[in-house]
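Subject: Handing over a structure

Hello,

Here is the structure I promised to pass on to you. Please have a look at it first, and then read on for what I found.

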Amino acid sequence: MTPVTNPTNEAEELYYRALVRTRVIVELTLGVVKNRFRCIHRFGGELQYTPLRSAKIVSACLLLHNRCVSRSIPDPNNHLPEEDMPIEAHVVGAGDRGGTGRQTRDEIIPEFYGRMGV
């Protein structure tokens with residue numbers, strides 16, 4: 001989903017805050033998984049495959065990570081620093097280039113967040 005760069009009403013503000021909270025969780029989760037599986041971290045190597053195959057590799061890493069967590073297997077790379085990129089850099093204006101993302105966002109905001117102010 002694309003962010004609303006300058007929210008102009010309460011529904012857009014609610015949407016923006018929900019998007020920021022969600023993206024922070026996703027970014028933190030990806031950071032943990034990229035730390036465990038260095039092949040998907042840009043400093044540990046890069047996936048030189050098609051986007052579809054790369055997505056399958058990342059999905060496998062996520063499944064393996066969840067299995068490790070459920071079995072209390074510690075992350076052997078836990079001492080390594082995470083990528084130094086502020087979360088807000090991914091949110092403000094990121095991907096807001098028009099097209100279907102903006103159209104979908106403009107349909108979602110009044111439908112789901114417009115009712116909250118009522």
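The protein chain has an accessible surface of about 8400 Å², and carbon and sulfur atoms account for 57% of that surface. Areas like this come from the Shrake-Rupley method with a 1.4 Å probe, and for residues only the protein chains shown count as cover. Please keep in mind that this is a predicted model, in which local features need pLDDT of at least 70, side-chain atom pairs count only at pLDDT 80 or more, and totals for chains, interfaces and linings use all residues. Residues are numbered from 1 along each chain as its sequence is written, and side-chain values use heavy atoms, with hydrogens and water left out.

Now to the overall layout. The chain has three helices and zero strands, in the order α-α-α from the N terminus on. Helices (H or I, at least four residues) and strands (E, at least two) are DSSP runs, numbered from the N terminus. Of the 118 residues, 25% are buried; buried means under 20% relative accessible area, exposed means over 50%, and partly exposed is in between (1.4 Å probe, protein chains only). Among the contacts with a separation of 6 or more, 66% join residues 24 or more positions apart, where a contact means heavy atoms within 4.5 Å.

Next, the inside. The largest nonpolar core has eight residues, namely V4, A11, L14, Y15, A18, L19, I109 and Y113. Helix 1 and helix 3 (100-113) are the elements that give two or more residues to this core, and helix 1 brings the largest share, five residues. A nonpolar core here is a set of buried Ala, Val, Leu, Ile, Met, Phe, Trp, Tyr and Cys residues joined through side-chain atoms within 4.5 Å. In soluble globular proteins, nonpolar side chains tend to be buried together. If you zoom in on A11 and leave aside its neighbours within four places in sequence, you will find A11 in contact with I109, Y113 and G114.

How many salt bridges does a search of the whole structure find? There are two, a salt bridge being a side-chain nitrogen of Lys or Arg within 4 Å of a carboxyl oxygen of Asp or Glu. One pairs E13 with R17, with the closest N and O atoms 3.5 Å apart. Both residues lie in helix 1 (residues 10-36), four residues apart, about one turn of the helix. E13 is partly exposed at 30% relative accessibility, and R17 is partly exposed at 41%. The other pairs D106 with R105, with the closest N and O atoms 3.3 Å apart. Here D106 is partly exposed at 41%, whereas R105 is buried at 7%.

The structure holds zero disulfides, a disulfide being a pair of cysteine sulfur atoms within 2.5 Å. C39 counts as partly exposed at 36% relative accessibility, while C61 counts as buried at 6%.

S72 has a positive phi of about 60° although it is not a glycine, and at 63% relative accessibility S72 is exposed.

Enjoy exploring!

Best wishes
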